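Here's a quick walk through the model, helix by helix and hole by hole. Have the structure open as you read.

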Amino acid sequence: MADRTSGRTEKIWRDGQLVRWDDATIHVMSHVVHYGSSVFEGVRCYETPSGGALFRVREHMRRLIDSCKIYRIPMRHSLDTLVHAAIDTVAGNDLRQCYLRPVVVRTGEQMGVLPTGVPVETFVIAWRWGAYLGHDALENGVDVCVSSWRRSAPDTFPAMAKAGGNYLNSQLAKMEARLDQYSEGIMLDSFGFVSEGSGENLFAVRDGVVYTSILGAGILNGITRDSVMTIARDLGYEVREQTLPREFLYVADELFFSGTAAELTPIRSVDRIQIGEGKPGPITRAIQEQYLGIATGRLPDRHGWLTPINAGASSETSHRAQALAAVP
């Protein structure tokens, strides 16, 4: 079950200003409502011994800009502005840890697929969110299935963009898995090779080698995925990006999901076939410990992945937050 210590916060960053949660609204005629024209990110803020810190926020905001470029959505904010927006949103809500959802949406009040002249708005939302698949999942692993729904073909939806419309496909896989009493579904690509979960990248371990699918398998170019590969190599493991057949899942010694929300979630069975010993394996545990240790400040940030909140909140945001607090 999902973690229940979650929920709304007080303020949302909207194109340069912190506004009250209830005021961050769009019209029902917004282009995004009818045609799914949004791109988004997920960023974790972890509580460290020296305060809150964002994990790889620059990489996330760069991918947000990339997603806008792929879908031809005008982005008027610079990378630095978006990074500071994330810092300001956490600081403006007086948080130490949270999940951030930067999202760029086409709004306006007009009909038609072609977005000519349609306004674009950018938001950064702070959400109190614990473990995506539950704390038990992080500790003991999850049971998953191979979904009957496949990722889109390379010449249909661009998988490198983290776009809202792309996740209609993920919703189908997730609902199917839950109806069949699984925690999550693993999706194959249009050619029948292993792709990823509904909202997570996937790793397999066999004979001490760490495997993950290629970008051409319809996967999102995950930032946590990149972190996992970096950590695995730091620990001395060989990492291979390659095409993986479905049956490779069943004979893997270890399997795990990676993602900002999922963090590193072990997989103990696929289609009711036990993976390894049916519990998180030693390589999964070693990478998970390093990942969470760096993110929470328990281990040295040797790759410069953390952006402290207390060192970056702008005075302008502090003034805006004080002004908002003063409004009855």
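## Helix α3

Let's start with α3, a 14-residue helix whose first and last C-alpha atoms are 20 Å apart, close to the 20 Å expected at 1.5 Å a residue. (Helices are DSSP runs of H or I with at least four residues, strands are runs of E with at least two, and both are numbered from the N terminus; the expected span is 1.5 Å times one less than the number of residues.) The buried residues of α3 are Leu82, Val83, Ala85, Ala86, Ile87, Asp88, Thr89, Val90 and Gly92. Buried here means under 20% relative accessible area, exposed means over 50%, and partly exposed is in between, with a 1.4 Å probe and protein chains only. After α3 comes Asp94, with a positive phi near 55°.

Keep in mind that this is a predicted model: local features need pLDDT of at least 70, side-chain atom pairs count only at pLDDT 80 or more, and totals for chains, interfaces and linings use all residues. Residues are numbered from 1 along each chain as its sequence is written, and side-chain values use heavy atoms, with hydrogens and water left out.

The core has 26 residues, and Leu54, Val90 and Leu100 touch the most other members. (A nonpolar core is a set of buried Ala, Val, Leu, Ile, Met, Phe, Trp, Tyr and Cys residues joined through side-chain atoms within 4.5 Å.) Two or more residues come from each of β4 (43-48), α2, α3 (79-92), β6 and β7. A second, separate core has 21 residues, among them Val142, Leu202, Val209 and Ala252.

Zoom in on Leu100. Setting aside residues up to four places away in sequence, Leu100 touches Glu41, Gly42, Val43, Leu54, Ala86, Thr89, Val90, Val124, Ile125 and Ala126, where contact means heavy atoms within 4.5 Å.

## The largest pocket

The largest pocket has a volume of about 680 Å³. It's lined by 32 residues, and the closest to its centre are Phe40, Tyr99, Arg101, Lys162 and Tyr167. The search runs on a 1 Å grid over the protein atoms alone: a cavity is a set of points where a 1.4 Å probe fits but cannot get out, a pocket is an open set with protein on both sides within 12 Å along at least five of seven lines, and lining residues have an atom within 4 Å of a point. Points are joined across faces, edges and corners, and a volume is the space filled by probe spheres set on them.

At least two lining residues come from each of α2 (57-70), β6 (98-106), β7 (120-127), α5 (167-179), α6 (223-234) and β14 (254-259); α5 gives the most, with 4. By class, the pocket lining has 11 nonpolar, 13 polar and 8 charged residues. (Ala, Val, Leu, Ile, Met, Phe, Trp, Tyr, Cys and Pro count as nonpolar, Asp, Glu, Lys and Arg as charged, and the others, Gly among them, as polar.)

Phe40 sits in strand β3 (residues 38-40) and is buried, at 10% relative accessibility. Beyond its neighbours up to four places away in sequence, Phe40 touches Leu64, Arg101, Pro102, Val103, Lys162, Ala163, Gly164 and Tyr167.

## Helix α6

Another contributor to the pocket lining is α6. Buried in α6 are Ile223, Thr224, Arg225, Ser227, Val228, Met229, Ile231 and Ala232. Just after α6, Gly236 takes a positive phi of about 95°.

## One cavity

How many cavities of 30 Å³ or more turn up in the whole structure? The search finds 1, and the largest cavity holds about 40 Å³ of space. Its lining is Asp253, Glu254, Leu255, Pro266, Ile267, Ile275, Lys279, Pro280, Gly281 and Thr284, with β14 and β15 (263-270) the elements that give two or more residues. That lining divides into 5 nonpolar, 2 polar and 3 charged residues.

## Loops worth a look

Most residues other than glycine have a negative phi. Gln181, though not a glycine, has a positive phi of about 70°; Gln181 lies in the loop between α5 and β9 (184-188) and is exposed, at 68% relative accessible area. Asp207 is not a glycine either, and its phi is positive at about 55°. Asp207 belongs to the loop between β11 (201-206) and β12 (209-212) and counts as exposed, at 63%.

Buried or exposed: what about Val118? Val118 is buried, with a relative accessible area of 8%, and is found in the loop between β6 and β7. Leaving aside neighbours within four places in sequence, Val118 contacts His31, Arg106, Thr107 and Gln110.
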